[in-house]
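Here's a quick tour for anyone meeting this structure for the first time. Take a look at it, then read on.

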Amino acid sequence: ATLRSNTMDPNLASSTILCCECGASIQANPANMCVSCLRSRVDITEGIPKQGTIYFCKFCERYLQPPSTWTSCTLESRQLLGICLKKLKGLNQVRLVDATFVWTEPHSKRIKVKLTIQKEVFSSTILQQIFVVEFIVHNQMCGECQRRQASDFWQAVVQIRQKIDHKKTFFYLEQILLRHPTVHASALRIKEIHDGLDFFYGSKSEARTLVDFLLATVPSRYQTSQRLISHDTHSNTFNYKYTFSVEIVPICKDDVVCLPPKLAQSCGNISPICVCLRVSSTIHLIDPTTLKTAEISSSLYWRTPFESLSSSRRLTQYTVIDIDPVRPQPRTSSFKYILSDVCVAKTDELGMPDSQLFAKTHLGHLLNPGDTLLGFDLANSNVNNEHLDRLAARFVADVILVKKSFGDKKKRRQNRIWKLKHLKKEAGDDKMDVDGDGADFEEFLDDLEEDPLYRKGVNVYKDKSRARLGKADVGDEFPVIGLEEMMEDLTLDDDDE
């Protein structure tokens, strides 16, 4: 402790006197006492507790800031120091000069703060004192974590649906969500059902965050509803449960679509029959006969909706007999694709009379005689589509070639040395077919290998178990993902070196 005097008398400041209590020689001050005697009679730390308790939630790693706010802060941070000081009563009766942390073991559950305070004890006499306050950290679960642990509690649910016969869109959406963990981190649980996913949240605002993210990521629309749970007539408060129903457009990668005439005309007079290249925030279409491309936004689609003529499951395998690039190339063509005239035949009818078909394709940069590709047999299909029925015969081709097929799928998947991560989901009562999910997921992995733009928003990780076995030499037969695109899979297992 130190003693200060507010007097400006130079004679008093330079003179030496004896302490009136113990007789020790001291510098003159208005109290006429030494610091030791003054501390024995006056304790300026009286009323300030020397020990305290703060509460820490180990699930979300936040501290309780009275009365009911939970704050995320690190050890020895300004935020944590403020929480500790607010727990001390009596600081408003003194002047706080300094406050610093005293180092303790991180696992000791103790936080020590060294305080320097001042207070006027006698007329024109200020006593300064330094002391340490110890805080004991107690574990206490915050309200949000309590609701997360209670699996039957939720206030808002986001139901994501898509009316198609496969799940590849949800596999892609899962990878996008993994790249943005803040969107789904607050979800109480994720439930997987046969036609989509359900995300349960503890508040309406958290659910709305996911809805806004989906609207910006995939072409979709949503509807909301609420159900009254309880009503307090005295305080006039209502407790609701909210439901957000998000519907994703039923168009996927490699689908063959038939556009309405007005929509095709508004998209640069593109041909009504197009192939879907990919679905991101918009629907990317290409006309395989002219290489014209179009992007359909979510709002434009819902104003003039259309359905797919064929999904990836209904495609037929063809073999290329001959191919000849069109010269000159159309001015509207993309640098990535080459318009070509191709002669194909169904693989299972190869060599039979009248089995050859002639068509135009945008895959001239990938195909060679003898290659196989997948296409939609439009001439022999039974499609119920009002827009297709109204088209003139010159717009309807016998076959629409969609994508190249890369040989033996089993051999290709055995040599795959990468993997994807997944969300922690629980299966619903009406869970989808497991075997069908496995086939859809393998097709989704094939699409990632074949299209670099499609995997641009996906984190690909090295599969250490496959890498140890080694990779067979497949040459240029299959598309592969380079090591420079793969991320190291960080695990916390003790066995990993």
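Which residue takes a positive phi in the hairpin of β13 and β14? That's N236, with a phi near 60°, and the hairpin has four residues between the strands.

Before going further, note that this is a predicted model: local features need pLDDT of at least 70, side-chain atom pairs count only at pLDDT 80 or more, and totals for chains, interfaces and linings use all residues. Residues are numbered from 1 along each chain as its sequence is written, and side-chain values use heavy atoms, with hydrogens and water left out.

**Strands around β14**
- Strands here are DSSP runs (E, at least two residues), numbered from the N terminus, and two of them pair if DSSP finds at least two bridges between them.
- β13 (residues 220–232) runs antiparallel to β14, joined by twelve bridges.
- Across that pairing, L228 stands opposite Y240 in β14.
- β14 (residues 237–248) also pairs with β10 (residues 156–161), this time in the parallel sense over six bridges.
- R161 has E247 in β14 as its bridge partner.

**Cavities**
- Searching the whole structure turns up two cavities of 30 Å³ or more; a cavity is a set of points on a 1 Å grid over the protein atoms alone where a 1.4 Å probe fits but cannot get out.
- The largest cavity holds about 140 Å³ of space, a volume being the space filled by probe spheres set on the points, which are joined across faces, edges and corners.
- Its lining (residues with an atom within 4 Å of a point) has 14 residues, and T169, C252, K253, V279 and Y454 lie nearest the centre.
- Helix α5 (residues 168–179) gives the largest share of that lining, three residues; helices are DSSP runs of H or I, at least four residues.

Conventions
On a 1 Å grid over the protein atoms alone, a cavity is a set of points where a 1.4 Å probe fits but cannot get out, and a pocket is an open set with protein on both sides within 12 Å along at least five of seven lines; lining residues have an atom within 4 Å of a point.
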